[in-house]
Amino acid sequence: MAKGLQGCSCTMLLLFCAIQELGSWAMHMAVQGPGLGEPGDPALLAGGRVKRGWVWNQFFVVEEYTGTEPLYVGKIHSDSDEGDGSIKYTISGEGAGTIFLIDEITGDIHATERLDREQKTFYTLRAQARDRQTDQLLEPESEFIIKVQDINDSEPRFLEGPYIGSVAELSPIGTSVMQVMASDADDPTYGSSARVVYSVLEGEQHFTVDSKTGVIRTAVADLDRETQDRYEVVIRATDMAGQLGGLSGSTTVTIVVTDVNDNPPRFPQKMYQFSIVETAPVGTAIGRVKAEDSDVGENTDMTYQVKDEEGVEMFKVTTDSNTQEAVITVQKPLDYESKKVHTVVVEALNKFVDPRFVDLGTFRDQTIVRVSVLDVDEPPEFRPPSNLMEVQEDAHVGSVVGVVTALDPDTANHPVRYAIDRSTDTERIFDIDAKTGAIVTGKVLDRETAGWHNITVLAMEADNHSQVSRASLRIRILDVNDNPPELATPYEAAVCEDAKPGQLIQTISVVDRDEPQSGHRFYFTLAPEATNNHHFSLLDIQDNTAAVHTQRVGFNRQEQDVYLLPILVVDSGPPALSSTGTLTIRVCGCDSNGAIQSCNSTAYVVSATLSPGALIALLVCVLILVVLVLLILTLKRHHKSHLTSEDDEDMRDNVIKYNDEGGGEQDTEAYDMSALRSLYDFSEIKAGDGGGGPGEGGPGRNPASELHALPQWVQSPDLDFSVFRDYICRKVEQADEDLSVPPYDSFQTYAFEGSDSPVPSLSSINTWSSGSEQDFSYLGGWGPRFRQLAALYAGRRGDEDGEES
């Protein structure tokens with residue numbers, strides 16, 4: 001090819017040389033500079049004549065020149081050039097001085113480097129002609145173009161690869177898979193260098209390609225994904241329209257065969273075997289089976305079902321959506337003694353069926369599942385399973401309510417024992433025979449207290465109490481007529497004083513705790529003690545109520561304001577029971593309209609005359625009075641507590657000496673209670689009492705010492721003070737029972753009379769001798785207050801006189 005290009009360049013060079021030597025034809029520049037050929041330009045005028053412009057051709061250079069010498073491109077020449085070498089030619093622009101060189105004298109242009117049209121299609125340069133001596137521009141600078149002429153040096157390329165396409169299996173012939181496209185960098189406007197055609201290099205047995213468009217299509221109709229799910233097809237693109245000498249490129253296209261539902265599910269085995277214990281609860285999984293499907297994706301989704309009637313009743317099949325397995329579970333309780341082996345037919349079918357492939361066969365399959373039931377030791381079973389019993393409430397203790405029966409379902413048939421779960425019968429109202437299962441009453445029943453009883457009965461094997469069954473038993477207590485009817489409420493009625501005969505006063509109804517099956521029926525009549533009643537009458541309305549009417553004209557509250565009417569109520573039995581209730585009838589004053597105005601009963605007066613506001617006001621007044629009373633009591637208690645001793649712990653007897661005579665027993669204000677706080681030294685008093693002799697403590701003592709010791713009174717050994725002792729004890733008891741007195745006893749002595757008192761002293765404390773000649777008979781005239789004192793002294797005086805005589 002290089003030799004051909006070199007020959008072509010020589011031909012063009014010869015052609016240019018011939019044109020220049022003829023001198024009969026010259027071409028101006030295709031693109032002229034400013035002012036080229038314009039009249040009046042001084043550069044174009046020399047010696048009074050018009051100068052001609054450039055004479056040259058548009059230049060072409062062949063790409064990919066591989067010669068050793070520079071490639072001649074062309075020649076620039078000015079018609080003012082006379083060949084004497086006075087003109088210097090220069091070029092500037094793209095590649096000037098590097099790629100393109102010019103001979104300054106001849107104007108010949110050569111390419112010194114190898115050019116590539118696919119990188120740059122043309123170069124733009126500018127040419128100048130100058131005077132060699134003066135370097136003056138002889139011709140205006142003009143542009144010219146050197147085009148790089150294309151040759152077929154670029155092969156087609158697939159720029160969008162790698163290519164991956166897909167097609168469904170079993171697609172018909174000619175089904176489009178995808179399109180590929182190659183690109184050629186050669187000049188599409190020059191020859192056939194860029195005209196590309198497509199062909200299949202590998203995979204032509206299954207696919208074809210359109211030579212012009214590059215569309216890949218199926219060549220067969222039996223593509224099977226299960227056989228081969230992927231194909232590698234090599235596509236070739238050739239330029240020069242596929243002619244000899246054209247360049248080519250290739251690419252590999254991966255074609256994936258997608259799945260369609262063309263395969264039915266198939267069980268790997270025709271029979272599966274599982275085993276399960278007979279006590280397995282409902283819902284227990286027995287096992288799993290799975291049908292295989294050669295398809296993928298949703299085409300493998302399937303459902304399972306039980307086909308035979310026996311299996312449908314005893315077992316259930318569900319589909320595990322994650323694993324597409326059939327899960328077989330227990331739907332009814334199993335019994336080894338009834339049936340030891342169950343056979344189940346399980347069918348698998350595709351969930352999504354493609355109607356295009358129905359003719360390929362049925363998309364379902366069946367298998368047989370054998371389930372063996374294993375025997376275990378089971379607890380007893382109650383038969384029959386009735387859970388309701390009835391008993392009369394008047395049944396005696398020990399009466400049979402009913403019998404429960406339980407049997408051992410195992411082949412051994414062990415004996416059964418019975419018991420009652422006492423957590424359901426904490427009061428032990430019922431008992432059960434451990435061997436027979438007979439339930440009897442353990443206590444007296446009362447339907448009105450508890451009409452129903454719910455108990456749990458246990459049945460267990462006699463030799464293995466761990467095998468226990470439970471049964472809930474409901475016992476209904478049947479009613480018997482053991483409660484008499486009673487008035488619904490304690491009825492009270494009111495009748496006006498001007499009531500007329502036959503006027504309705506009150507309607508009576510009753511209640512009965514019994515509930516007879518036929519319903520209640522009550523009968524009303526006046527009690528026998530009211531047979532002489534002529535004031536009121538009782539009418540049985542026959543609907544379990546009765547009406548009370550007046551039987552006379554008018555009533556008088558002054559004569560009788562309350563009437564008690566005994567009413568006898570009898571039920572329908574059996575046996576018939578009765579009770580007597582009393583209706584209280586009050587006689588009230590009424591207005592002309594019959595409205596009650598006042599009754600002797602406080603309740604009627606208040607309800608008839610006081611409004612709610614008045615009642616509230618009355619209650620407020622009562623509350624204020626209660627508060628005032630409580631306040632007074634509190635102040636009184638506070639005053640008493642103020643008068644009591646501050647020292648609550650001082651519980652001693654205090655003996656207080658007064659120098660003035662008191663005012664008697666009734667005088668409680670003659671002395672200051674604060675004086676009780678002044679304590680005396682009782683040691684001397686006690687010593688004096690112990691000495692006992694008149695010579696020690698009586699006459700020989702200084703009277704001025706009474707501030708330190710009380711005067712002593714010598715007791716006669718024959719005196720009887722039991723009367724005083726009894727009197728003092730009674731007073732002490734009265735003081736102890738009175739909570740308002742101070743918390744200690746006070747003993748007051750009156751040793752001396754006042755200085756101005758005309759009455760001599762009554763005190764016996766200053767009596768130093770055992771015998772006294774004083775006459776106390778005048779005490780009898782002092783009144784009842786001194787009667788007891790006078791009796792005491794008068795009695796003592798008589799005793800002394802007897803001793804002297």
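I took a patch as residues with over 30% relative accessible area and no salt bridge, like charges being joined within 9 Å. Accessible areas come from the Shrake-Rupley method with a 1.4 Å probe, and for residues only the protein chains shown count as cover. A salt bridge is a side-chain nitrogen of Lys or Arg within 4 Å of a carboxyl oxygen of Asp or Glu. Asp and Glu count as negative, placed at CG of Asp or CD of Glu.

The model is predicted: local features need pLDDT of at least 70, side-chain atom pairs pLDDT 80 or more, while totals for chains, interfaces and linings use all residues. Numbering starts from 1 along each chain as its sequence is written, and side-chain values use heavy atoms, without hydrogens and water.

I found a negative surface patch formed by Glu-733, Asp-736, Glu-737 and Asp-738. Glu-733 lies in helix α7, residues 722-737 (helices are DSSP runs of H or I, at least four residues; strands are runs of E, at least two).

Next I traced an open sheet of four strands, in the order β35-β37-β40-β39, with antiparallel pairing (two strands pair if DSSP finds at least two bridges between them). Its edge strands are β35 (486-487) and β39 (536-540). Two bridges join β35 to β37 (504-511), where Leu-487 has Val-510 as its bridge partner.

I then checked β39. Five bridges join β39 to β40 (545-550), and Ser-537 stands opposite His-549. The two strands form a hairpin with four residues between them, and Gln-542 in the turn has a positive phi of about 70°.

Technical notes. Patch = residues over 30% accessible without salt bridge, like charges linked within 9 Å, V, L, I, M, F, W, Y side chains within 5 Å.
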